[in-house]
Amino acid sequence: MTTPHPTRSPYLEALRCIQCDERHPVADHPQGCPSCAARGRNSNLFCVYADTAPAHQRYPYTGVPVLGQGETPLLPVGRRANVWVKNEAVNPTGSHKDRFSAFVTAHARASGYRGVVIGSSGNAGLSVAAYAAATGLRCTVAGFDWLPDRVRTYLTGFGAEVRTFATDRERVALVEELAGAPDTLAVSNVTHPVVGSSCFGIEGYKRISWEILEQAPEPVRHVILPSSRGDLAWGVHRGFVEAAEQLGRPIPRLHLVEPYPRLSAVLDGASLTDRFPGDFGRLSSIAGDGTTVQAHRAVTCSKGSAVVVPDAVADEWFQRLCRRGHVWERSSTTVFAALDTLRAQGRLREGEPTVLIATSHLFKGF
């Protein structure tokens, strides 16, 4: 396979703040919106395209690395009527993160960076390492000391440098240090309050929405997905917004699943900038003690909700699904539990077309 040569889209005009709506030049803004960061109200940016841009060209780069990501299947969920699961576990490195990694490494290469750094002990690190290798970039992964040995082996196999730490503060400090070099791009969050990951990578998640619209036999009313900092949720929401603008398709309600109240607490009146310590158990893929503007906006703009699924409940579903031959990690199985919760609470009625997003498989040791 030849190394790709990404090119910035001629339709990409600017970046816009999710929170204050201010426009900014197309560049790297590690603190998110500069105006919001100055006020201590950190918010991510998103890409703005020319009105003349066709739907299939509303992405920041062409010539992104292709390892087989995307076009994942939409499968019926047992005998449940009008419920399907979008199986992102079949992406090349086993998770939805491949869609992000393809675009963020394309951005890094097209922008002249020689390397990328990411804070991750899981799916994101594996994915970015693989796509960095495919794009000819060096990669550093800052993880936690509990990083499973098999994941460390996979990362070094991709040529990544692996550094592990006891605390998140130490891990983020390394990302910030390496990102200070002009030839290295930090693709994960480096701020508090949390912003989220690179807005160029998040654009890759929009394709999930378009695939759902193409695959579902009827208009989807609800989408349920695991969430930590809202990267996936915001990308999926943006995809549905663009489909609504161009095709007149209705925007589904997004329901974000978390292991204990974070976004739920904000929706109940807490501040977005608060920290929410809690026990995430084995749900490491959706861990973290904060939420983001992008997660909040994905829910409120779609008239959705946040759903708490504790580790013990997720484990029950994990065991149940494993016995049926399914291979999703625990954080992915939270969406099945959330479906029952939403129905019990009356927020989702029986028979309403619903898509669950299963984000990763279980064969990576976490």
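Colleague: Where is the place of Asp21?
Modeller: Strands here are DSSP runs of E with at least two residues, and helices are H or I runs of at least four, both numbered from the N terminus. This is a predicted model with residues counted from 1 along each chain as its sequence is written, and side-chain values use heavy atoms, with hydrogens and water left out. Local features need pLDDT of at least 70 and side-chain atom pairs count only at pLDDT 80 or more, whereas totals for chains, interfaces and linings use all residues. Asp21 has its place in the loop between strand E2 (12-17) and strand E3 (23-24).

Colleague: What is phi of Asp21 near?
Modeller: Most residues other than glycine have a negative phi. Asp21 is not a glycine, yet its phi is positive, near 70 degrees.

Colleague: Is Asp21 partly exposed, and Glu71 exposed or buried?
Modeller: Buried means under 20% relative accessible area, exposed over 50%, and partly exposed in between, with a 1.4 Å probe and protein chains only. Asp21 has 48% relative accessibility, so it counts as partly exposed. Glu71, in the loop between strand E5 (61-62) and strand E6 (74-76), also has a positive phi, near 55 degrees. With its relative accessible area of 54%, Glu71 is exposed.

Colleague: Which peptide bond is cis?
Modeller: Most peptide bonds are trans. With omega near 0 degrees, the cis bond runs from His192 to Pro193.

Colleague: Which residues touch the most other members of the largest nonpolar core?
Modeller: A nonpolar core is a set of buried Ala, Val, Leu, Ile, Met, Phe, Trp, Tyr and Cys residues joined through side-chain atoms within 4.5 Å. The largest one has 71 residues, and those touching the most other members are Val116 and Leu155.

Colleague: Which helix gives the largest share of this core?
Modeller: Nice follow-up! The largest share is seven residues, and it comes from residues 123-135, helix H3.

Colleague: What is the radius of gyration of the chain?
Modeller: It is taken over C-alpha atoms, and the globule rule is 2.2 Å times the number of residues to the power 0.38. For 366 residues, a compact globule would come near 21 Å, which agrees with the chain's own value of 19 Å.
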